[in-house]
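Have the coordinates open as you read.

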Amino acid sequence: MAGMESKLHLPAEKIALARELAARIAEPMQRYIRRHTTVAVERATLRLMGADGANAIGTPVPNLIVDALPDRLSGGVTRYYVNALLRKHWTPEQLNQAVIDGFDLGGLELTDAAAIEAKAAGLVEQFERHVRGVVADRNARLDACRDNARSPLLYVIVATGNIHEDVKQAQAAGEQGADVIAVIRTTAQSLLDYVPFGATTEGFGGTYATQENFRIMRAALDETSNKVQRYIRLVNYASGLCMPEIAAMGAMERLDMMLNDSMYGILFRDINVYRTFVDQHFSRMIHAFAEIVINTGEDNYLTTSDAVEKAYTVLASQFLNERFAWNAGMPNRLIGLGHAFEMDPDLTDGFLLELAQAQMAREIFPECPLKYMPPTKHMTGDIFRGYIMNAMFNLASKLSGQSIHLLGILTEAIHTPYLHDRYLAIRNAQYVMRQIESLAEELQFRPDGRIVHRAHAVLDEAVRFLTQIEAMGLPAAIADGLFADVKRAPDGGKGLEGVIEKGADYWNPFEQFLCDRL
């Protein structure tokens, strides 16, 4: 969408000011990030080196290693894993089995530092070669299906709890016209400080995110992509207490998008502020290298805040998410900023307000693949009105040039959407968008009209809001409930004990590699 004609005539200097404020807000947190690691960052690094598997009670190898070395974490655990490979002349698979059997990496004397660094460089090179191959594979598949590409991409969810049942529903959705399949995670997995191992067949409200489940679903969607000659993207959630680990798994198994927001886990899962920001930075570096599009979570703010009164918090958060993504080396084409169609349907001119918000996001972030979320907060048992609301959402999305379009599905609040309702949602979107394919080119907004006035007002409020946050600091703003009307104390929440200050001897060759490449 870069180079698109502006319909809102938003002042460039005000947008630039908002970005400058976001940079100043992010910098103190970025300084903190540079000085700290977490247990999840260390476990993710081990996974990138080849640490995998789980013991008889399901504890993953990366957890076994990190939990056994609590006093060594400030220096990074990488050297102990590499040292064991060298000392024992083991492959990663042999070392993983030894760890499962109770082997203590910390009991080995460290060998020559140069030898450890050389061995680690080889493991980093293997990772680089693998992920570059994954990216090349994705690009080749996209090129082969270029003639069937659509905008926006139609995005649906599956969430049965059983990965094999998910496959059936995902393939059906792909054949019906879906471009993106998100496998919803089982309830509260984001609060687990470990990643389950292997394929899973039980889950409540969703399916466990595991590397094997990623592999199974990726293969199934590739099969369907070949059948329909349209590349079907796979989505999961790099969020929660294992954010960087799930990012690593997604990079290796060719996920195409991952939900990854700077503040979602803090606000809606009560995960500690500092744990979240350190974890999200490393996870986004992995996403950037693997060319995985992130989806941020601003839409969630409007489930707890009023969409009219607090629209500026969505825009402010988009500026912050953009800045933190840039700090992690992400290009705009991978930053899928989120927003939602959540105005009260009883409002007069509510659709105009929705369109103003959507068009504003499109014009301020022209190179970003915006993710637009459907109405949920005001959905009721009136399925007829609900279907009309979804149709108006589809209309706003196409008119404002959104990139990733999460379909409104009538039974989404049920354990998993009924197959027929998913089909109806796809047909609804296809009908509306086909009928107005070129309408946006025909329309202009009155410079003194309601839509333009609303967009300018929201931008003004976002700048004032960012100015307020800069004055008090981001952790204090979160503690005061300025985002989503949810208060989270900086020293509260889950996972703070897993944040470690880096020592003078801290060493993480994957972090160094990603910094150099990005």
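H405 counts as buried, because its relative accessibility is 0% and buried means under 20% relative accessible area, with exposed over 50% and partly exposed in between (1.4 Å probe, protein chains only). Before going on: this is a predicted model, where local features need pLDDT of at least 70 and side-chain atom pairs count only at pLDDT 80 or more, while totals for chains, interfaces and linings use all residues. Residues are numbered from 1 along each chain as its sequence is written, and side-chain values use heavy atoms, with hydrogens and water left out.

Back to H405, which sits in strand β10, residues 404–406. Strands here are DSSP E runs of at least two residues, helices are H or I runs of at least four, and both are numbered from the N terminus. The H405 side chain has a polar contact of 2.6 Å with the side chain of N394 and another of 2.8 Å with that of S397. (A polar contact is a pair of N or O atoms within 3.5 Å; within protein, one must be able to donate a hydrogen and the other to accept it, and residues adjacent in sequence count only if both atoms are side-chain atoms.) Beyond its neighbours within four places in sequence, H405 also touches residues including P152, L153, L154, Y155 and M433, contact meaning heavy atoms within 4.5 Å.

Now for N272, in the loop between α10 (264–269) and α11 (273–290). How accessible is N272? Its relative accessibility is 0%, so N272 counts as buried. The N272 side chain reaches the backbone nitrogen of R275 at 3.0 Å.

Y387, by contrast, is partly exposed, with a relative accessible area of 32%. This tyrosine belongs to helix α15, residues 383–399.

Zooming out, the chain has 20 helices and 11 strands. Its C-alpha trace spans about 75 × 55 × 40 Å along the principal axes. Buried residues account for 60% of the 518 residues. Of the contacts between residues at least 6 apart in sequence, 77% join residues at least 24 apart.
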